[in-house]
Amino acid sequence: MMLRNITLILFCLSLLACGSGSQQGSGSAAASGKTFRWKMVTTWPANFPVFQEGAQKFADDVRTMSNGRLDIQVFAGGELVPALQTFDAVSQGSIEMGHGSPYYWAGKIPEAQFFSTVPFGMTARGMHAWLFHGGGLEMWREIYQPFNIHPIPMGNTGIQMGGWFNKRVDSVADLQGLRMRMPGLGGKVLKKAGGNPVLMSGGEIYTALERGIIDATEWVGPFHDMRLGLNRAAQYYYYPGWHEPGTEFELLINQAHWQQLPDDLKKIVETAAAATTDWMYISMEYLNTQALAELNTKKNVEVLEFPAEVMAELRKLTVVTLEEEAEASPKFKRVYEAYKGFQTEYAKWGEMTEAAYQRTKQ
Ligand code: CA
């Protein structure tokens with residue numbers, strides 16, 4: 001009898017605890033029944049396969065899982081705001097959500113590039129280990145905090161291709177004077193190697209390469225590159241994409257709007273984002289496998305591996321470039337040190353697993 005009373009008291013206490021918790025926490029009882037209608041703007045063109053498609057799939061999943069309580073309408077780049085104003089629109093709170101990649105904001109936040117990708121950086125596996133367990137995501141959130149943005153990783157392209165060339169790259173000397181569309185840190189490295197990096201949007205690449213305005217370009221991988229027709233504009237297709245070994249995408253959420261969501265909707269957003277990351281990554285792996293098989297049937301294209309000497313030189317110049325950037329900015333240096341520290345340790349494990357396993361096929 002005594003025991004039953006105690007159990008009853010404990011049960012009541014736990015109910016009280018739950019009750020007060022739900023009222024004090026971010027997920028208030030009133031908010032849990034509320035419907036949220038949000039907008040998401042992206043940096044991608046309308047109908048862009050995998051990237052824009054993935055953002056739409058995320059919104060559809062959230063709507064289904066929340067039974068319509070979080071309804072996100074997705075807009076491609078330029079539909080509501082210009083693609084490269086996605087970050088500012090979410091930061092100001094006029095738009096609740098955005099989708100892009102942190103290196104687009106390098107002009108404003110140079111160290112954000114480590115949360116996207118850097119030349120000779122980590123592949124998706126290492127990136128995700130660093131972000132979710134190695135302190136990377138905490139650092140990322142701290143860096144976006146002054147901009148009122150709560151970032152969640154959402155998507156990865158996998159290792160990209162080195163690009164399309166109208167001249168063979170047989171040695172480091174062949175990079176001299178090479179006019180190549182290559183944005184960001186990769187472009188800075190190419191310049192140190194004697195090349196001329198050119199900035200150009202996706203829409204301009206085909207014509208520039210076909211007309212010889214540029215000698216070479218990078219884009220993504222076989223699937224997206226063939227859709228752009230690059231196999232008709234250049235003869236040599238080089239790998240690997242040393243400049244983008246696994247570009248991470250991001251879900252940007254305005255901090256004030258994020259705090260208004262009840263806990264179950266927050267969890268749904270996080271779970272749908274994780275599922276979308278996986279979906280984008282495996283979609284890229286599959287579609288690139290299919291596209292490469294098709295590309296191999298095309299007689300006018302030669303798929304070539306960069307010579308080891310060229311990779312070694314670009315790797316060396318990447319270290320010089322990153323050290324220079326770190327020297328110029330304490331913020332960049334802090335993220336660089338953290339990233340490099342994890343990458344160095346992870347490389348030892350990667351050497352014994354992925355690298356050693358891949359060598360067994362030779
Ligand atoms: Ca690229």
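Two strands count as paired if DSSP finds at least two bridges between them, and helices (H or I, at least four residues) and strands (E, at least two) are DSSP runs numbered from the N terminus. By that rule, S4 and S10 run antiparallel and are joined by six bridges. Welcome to a predicted model, in which local features need pLDDT of at least 70, side-chain atom pairs count only at pLDDT 80 or more, and totals for chains, interfaces and linings use all residues. Residues are numbered from 1 along each chain as its sequence is written, and side-chain values use heavy atoms, with hydrogens and water left out.

**The five-stranded sheet**

- Five strands make an open sheet in the order S2-S1-S3-S10-S4, and their pairing is mixed.
- Strand S2 (70-75) and strand S4 (149-156) are the edge strands, each pairing on one side only.
- From one strand to the next, the twist averages 25°; axes are lines fitted to C-alpha atoms, for helices over the stretch in contact, and angles run from 0 to 180 degrees between N-to-C directions.
- Six bridges connect strand S1 (residues 36-42) with S2 in the parallel sense, and Trp38 stands opposite Ile72 in S2.
- Helix H3 (residues 51-65) packs on this sheet, touching S1, S2, strand S3 (97-100), S4 and strand S10 (248-254); contact means heavy atoms within 4.5 Å. The direction of H3 makes about 165° with that of S2.
- Helix H11 (residues 263-295) also packs on the sheet, where it touches S1, S2, S3, S4 and S10. The direction of H11 makes about 30° with that of S4.

- Is S10 mostly covered or mostly open? S10 is mostly covered, with seven of its seven residues buried; buried means under 20% relative accessible area, exposed over 50%, and partly exposed in between (1.4 Å probe, protein chains only).
- Both faces of S10 are covered: Glu248, Glu250, Leu252 and Asn254 are buried on one side, and Phe249, Leu251 and Ile253 on the other.
- S3 runs antiparallel to S10, joined by four bridges.
- Glu250 in S10 is the bridge partner of Gly100, and Pro153 stands opposite Glu250 as well.

**Thr43, beyond the end of S1**

- Thr43 lies in the loop between S1 and H3 and is buried, with a relative accessible area of 10%.
- Apart from neighbours within four places in sequence, Thr43 is in contact with Ala83, Thr86, His99, Gly100, Tyr104 and Trp105.

- Strand S5 (residues 163-165) pairs with strand S8 (residues 216-217) in the antiparallel sense over two bridges; Phe165 has Ala216 in S8 as its bridge partner.

**The calcium site**

- Which atoms coordinate the calcium ion? They come from Gln160 (OE1), Glu218 (OE), Glu218 (OE), Trp219 (O) and Glu244 (OE), at 2.2 to 3.1 Å. Donors are N, O and S atoms within 2.8 Å of the metal (3.2 Å for Na, K and Ca), and water is not among the atoms, so sites may look incomplete.
- Along the chain, the donors follow the spacing Q-x57-E-W-x24-E.
- Distant parts of the chain are linked here: Gln160 in the loop between S4 and S5, and Trp219 in the loop between S8 and helix H9 (222-227), 59 residues apart.
- Gln160 counts as buried at 6% relative accessibility, and Trp219 counts as buried at 16%.

**Pocket and cavity**

- On a 1 Å grid over the protein atoms alone, a cavity is a set of points where a 1.4 Å probe fits but cannot get out, while a pocket is an open set with protein on both sides within 12 Å along at least five of seven lines; lining residues have an atom within 4 Å of a point. Grid points are joined across faces, edges and corners, and a volume is the space filled by probe spheres set on the points.
- The largest pocket has a volume of about 1,800 Å³. Its lining comprises 43 residues, of which Thr123, Ile159, Pro240, Glu354 and Gln358 lie nearest the centre.
- Helix H5 (124-133), H11, S11, helix H12 (308-328) and helix H13 (330-359) are the elements giving two or more residues to that lining. H13 gives the most, with nine residues.
- There is one cavity of 30 Å³ or more, and the largest cavity holds about 60 Å³ of space. Among the residues lining the largest cavity are Phe165, Trp242 and Phe306.
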